[in-house]
Amino acid sequence: MESLSLVATDNQLEQRDRLDSSSSKKNEQKNSASAKVARVYEENSELIYGIVNYFLIPSLCEETVIQIAQTMHLRLEQSGYNRYAKLLCLNLVHDILKKETRVKIPFRTETTEILFDDAFSLLLRDRYNLSCKEIAAALSISEGSIRTKLERVRTKIFHESPLGEVSSKATLVPITGGTSKNATPHHCIPAREAIENWSPHDLQ
């Protein structure tokens, strides 16, 4: 009986050791994941704050950035973010700002309606030099939709400026032979793609 008791005790000790080892590994993995998320946030903190500051008044920026940082731990840990960390950060920033009712849209006036997605796309393209493909991934929409958004918001913004209006009219080419008599003129698609795909790195 004594030997059976000793065997049972040994089995219990082995089982406890296995549980302790498994728990320790889980904790290590969790700490490692948290460290990676923290590093991702640090690497993209300037970009995150720059975008938030563009759309919100200064008094709202801090609480929004904190919300983004807290949500980032949940979202990034559930995805393979090593390669696409920056785009996932942008996607998160976009989703949180879009739900924010106090967002200010630059260039929006009583006569000019600028959509948030359009303004967000323009900011990423013109200020942060992201490609249309990257912006599309950040907003979870097609690349063609991004090009449409950029053309639409630029037309609205430049239309308010006398110089922009002249420039806009000079570059628009009317479409003839279409099914609609009231078809809106638009840029040549290959030319528009060449412009949107341009990068300063092309000069090097």
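## Terms and model

Buried means under 20% relative accessible area, exposed means over 50%, and partly exposed lies in between, with a 1.4 Å probe and protein chains only. This is a predicted model, in which local features need pLDDT of at least 70, side-chain atom pairs count only at pLDDT 80 or more, and totals for chains, interfaces and linings use all residues. Residues are numbered from 1 along each chain as its sequence is written, and side-chain values use heavy atoms, with hydrogens and water left out.

## Overall fold

The protein chain has eight helices and zero strands. Helices (H or I, at least four residues) and strands (E, at least two) are DSSP runs, numbered from the N terminus. Along the sequence the pattern reads α-α-α-α-α-α-α-α.

The protein chain has 204 residues, and 31% of them count as buried. Its accessible surface is about 13,700 Å² (Shrake-Rupley method, 1.4 Å probe; for residues, only the protein chains shown count as cover). Carbon and sulfur atoms hold 54% of that surface. Contact means heavy atoms within 4.5 Å. Of the contacts between residues at least 6 apart in sequence, 65% join residues at least 24 apart.

Helix α4 covers residues 116-126. Ten of its eleven residues are buried, so helix α4 is largely enclosed by the rest of the structure. The buried residues of α4 include charged ones: Asp 117, Asp 118 and Arg 125. Phe 116, Phe 120 and Leu 123 are also among them.

Lys 149 lies in helix α6 (residues 143-159). Is Lys 149 buried or exposed? Lys 149 counts as buried, because its relative accessibility is 13%. Leaving out residues up to four places away in sequence, Lys 149 touches Asp 117, Asp 118, Ser 121 and Ile 141. Of these, Asp 117, Asp 118 and Ser 121 are buried residues of α4.

## Leu 87 in α3

Leu 87 belongs to helix α3 (residues 85-99). Leu 87 is buried, because its relative accessible area is 18%. Beyond its neighbours within four places in sequence, Leu 87 is in contact with Glu 134, Ala 137 and Ala 138.

## Positive phi in two loops

Asn 129 sits in the loop between α4 and α5 (132-139). Phi of Asn 129 is near 60°, a positive value in a residue other than glycine. Asn 129 is partly exposed, at 31% relative accessible area.

Ser 140 sits in the loop between α5 and α6. Its phi is also positive, near 60°. Ser 140 is exposed, because its relative accessible area is 56%.

## Cavity

A cavity is a set of points on a 1 Å grid over the protein atoms alone where a 1.4 Å probe fits but cannot get out; lining residues have an atom within 4 Å of a point. The structure holds one cavity of 30 Å³ or more.

Tyr 54, Pro 106, Phe 107, Ala 119, Leu 122 and Ile 157 form the lining. It divides into six nonpolar residues, no polar and no charged. Ala 119 and Leu 122 are also buried residues of α4.

## Cysteines

Cys 61 is buried, at 0% relative accessible area. Cys 132 counts as buried too, at 0%. The count of disulfides (cysteine sulfur atoms within 2.5 Å) is zero.

Technical notes
1 Å grid on protein atoms, 1.4 Å probe; cavity = no way out; pocket = protein on both sides within 12 Å on 5 of 7 lines; lining within 4 Å. Points joined across faces, edges and corners; volume = space filled by probe spheres on them.
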